[in-house]
Structure formats: C-alpha cells, structure tokens
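Work through the exercises below with the sequence and the model side by side. Try each task before reading its solution.

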Amino acid sequence: MEKAPINRIINFSNVDGPGNRMSIFFQTCPFRCLYCHNPETINACENCGFCVSKCPVNALSIIDGKVRWDSLKCVGCDTCIYVCPNLSSPKITMMSVDDILLKIKEVRPFIRGITVSGGECTNFAPFLECLFLEVKKLGLTCLIDSNGVHNLEKYDSLIDICDGVMLDVKAIDPKFHKFITGKSNEIVLKNLDYLIKKGKLEEVRTVILPNYEEENIKTVRAVSKMIGSRVRYKLLKYRYFGVREEGLNYFGKVIVDDDTLAKMKKIALENGCSTCLLYTSDAADE
C-alpha cells in the first residue's frame with residue numbers, strides 16, 4: 001500500500017500513550033459505535049457533494065466528480081463534518097510513509113514517539129508496518145490505538161515491531177457489544193488474550209456509559225480479572241460532546257460523574273486489577 005487516508009495529525013498529545021507523542025488518525029472504521037466522539041472518521045467520503053454548498057468560506061469544490069478540500073482556505077469550522085450525512089469528512093489527505101515521516105521529523109526533538117489511531121488504524125496494517133520500520137530508525141516508539149476488530153495474530157510482524165497496543169474493550173457481553181458497535185466482540189477478546197501473551201498490551205480502556213450500569217459492571221469485572229495488574233486498565237467517562245443523535249437517544253446529554261467511575265474502579269480493584277486508572281478529564285478521549 002503506497003498511501004493511506006489520514007484524517008488528521010496532532011503534533012503533540014499527552015493522552016495517547018506515555019510521554020509527548022504525535023497522534024496520527026487514519027480514516028475508516030468497521031465499528032459504528034453509538035457514542036463515538038469521532039464519527040467523521042467512520043466512513044470514506046462518498047463524494048455526494050452535500051457539504052460543498054455548506055462551506056462558509058468555499059474551501060470545498062467538486063472536481064472530476066470528487067470533493068476537493070482546499071486546506072489554505074479552510075478555517076477549521078468543521079461545518080462540513082457536522083452536515084455530512086455519511087459519517088465522513090472531505091478533509092482527508094492521502095499520505096505516503098515518506099509524507100508522514102516528513103511531519104514526524106519536524107517535531108522529532110519534542111516527542112517520545114508516535115501513536116496511530118483512527119478510525120481504525122489496523123485497517124492499514126501493511127502500511128503501519130512500513131511506517132513503524134522507518135520511525136524506529138529515528139529512535140522513536142510506536143504505539144497502536146485499536147478497537148481490536150481485526151485478528152492481530154494475522155499481523156504478528158506488525159505487533160512484533162510496535163512497542164505496544166492500547167486496546168478498547170467496549171463491552172464483555174456479546175449482545176451489548178453488538179448493540180453499541182454493530183459488531184461482535186469475539187475477535188476483540190481473542191486479541192486481548194493474544195496481546196497479553198505477546199507482552200504487547202500497553203493498556204486496556206473501557207468507556208463507562210450512563211443508563212447501563214449492569215453492563216458497565218459486567219465489563220469492568222471481567223476485564224479486570226483477565227488482565228490482573230499486568231497492564232493499565234483505564235476507565236473513561238462518557239461525555240456527550242460530539243456524539244451523534246442516534247447515540248444521544250440511548251445515552252443522553254450527560255457526563256458520567258466521578259463517583260460512578262470510582263465505583264467501577266473499586267470493582268476492578270476487588271477483582272485483582274491494582275493498575276486501574278480513572279480518566280476524569282473533560283478533554284477529548286478517542
């Protein structure tokens with residue numbers, strides 16, 4: 001794969017793994033999470049053109065049947081994202097490994113490494129392997145932020161190269177997982193076991209949802225038993241900011257309170273997970 005679709009690059013992030021890191025967000029994701037905070041990363045642009053007339057600064061146009069984005073005109077208002085009927089964005093850049101390396105080298109003295117995210121970055125596993133091989137030559141670390149939808153055992157060489165995977169375990173109950181993501185969690189749980197055995201699990205993360213306490217408890221209890229204290233288990237609060245209307249119908253315009261997170265942490269501790277952490281900031285989690 002010569003190029004991959006990049007939604008955006010954040011030069012400096014301290015919430016996407018240890019240390020100051022560059023976060024690279026790839027476009028497209030097989031999951032359709034009801035509470036996704038980046039719903040514009042789910043699908044590829046279908047070039048329907050609906051966003052073009054909505055852009056207040058005419059940064060979008062249609063050329064040869066495709067929506068084109070002029071980054072110089074763009075003011076970052078994200079109107080195109082808000083009006084998109086397809087959970088996508090016209091502001092996607094096709095980038096090669098060399099293109100991304102140029103961006104990394106600009107900030108190399110100030111970062112510990114890179115984190116690839118999405119969307120779902122493992123949609124582009126061969127590309128990631130090529131990228132990581134080059135990034136390693138710069139003396140930087142490489143982390144994968146994944147929802148675990150793909151069987152990572154098939155990409156064993158990629159996992160060997162990376163420094164770790166931050167894995168989302170959204171729900172332990174298969175029916176509830178399919179309800180909130182549209183997909184089974186069978187491969188996710190297999191990946192959890194695989195990464196533990198490989199020693200490549202950087203952390204596990206679960207979003208604590210409102211209105212579904214029993215499901216939260218089942219997930220936290222099961223995951224904490226599975227990982228013990230071998231890796232961090234990060235519990236994230238649900239926040240309604242950016243969640244699409246379909247998700248708001250189930251979870252509402254609320255922010256999970258810190259007391260609820262503390263209750264979930266207590267359950268994790270009781271089940272042998274002394275590395276459980278609470279992410280209580282209202283800053284965006286991916």
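**Exercise 1.** Against which helices and strands do the buried residues of H6 pack?

*Solution.* The model is predicted: local features need pLDDT of at least 70, side-chain atom pairs count only at pLDDT 80 or more, and totals for chains, interfaces and linings use all residues. Residues are numbered from 1 along each chain as its sequence is written, and side-chain values use heavy atoms, leaving out hydrogens and water.

Step 1: Helices (H or I, at least four residues) and strands (E, at least two) are DSSP runs, numbered from the N terminus. Buried means under 20% relative accessible area, exposed over 50%, partly exposed in between (1.4 Å probe, protein chains only).

Step 2: In H6, the buried residues are Val188, Asn191, Leu192, Tyr194 and Leu195.

Step 3: With contact taken as heavy atoms within 4.5 Å, these residues pack against helices H4 (156-161), H5 (174-181) and H7 (213-227), and against strands E8 (164-168) and E9 (201-208).

**Exercise 2.** Which side chains meet that of Lys218 in salt bridges?

*Solution.* Step 1: A salt bridge is a side-chain nitrogen of Lys or Arg within 4 Å of a carboxyl oxygen of Asp or Glu.

Step 2: Asp173 pairs with Lys218 at 3.8 Å, N to O. Asp173 lies in the loop between E8 and H5 and Lys218 in helix H7, so this pair ties together parts 45 residues apart in sequence.

Step 3: Glu215 also pairs with Lys218, at 3.3 Å, N to O. Lys218 and Glu215 are 3 residues apart in helix H7, and therefore about one helical turn separates them.

Step 4: Lys218 is partly exposed at 33%, whereas Glu215 is buried at 16%.
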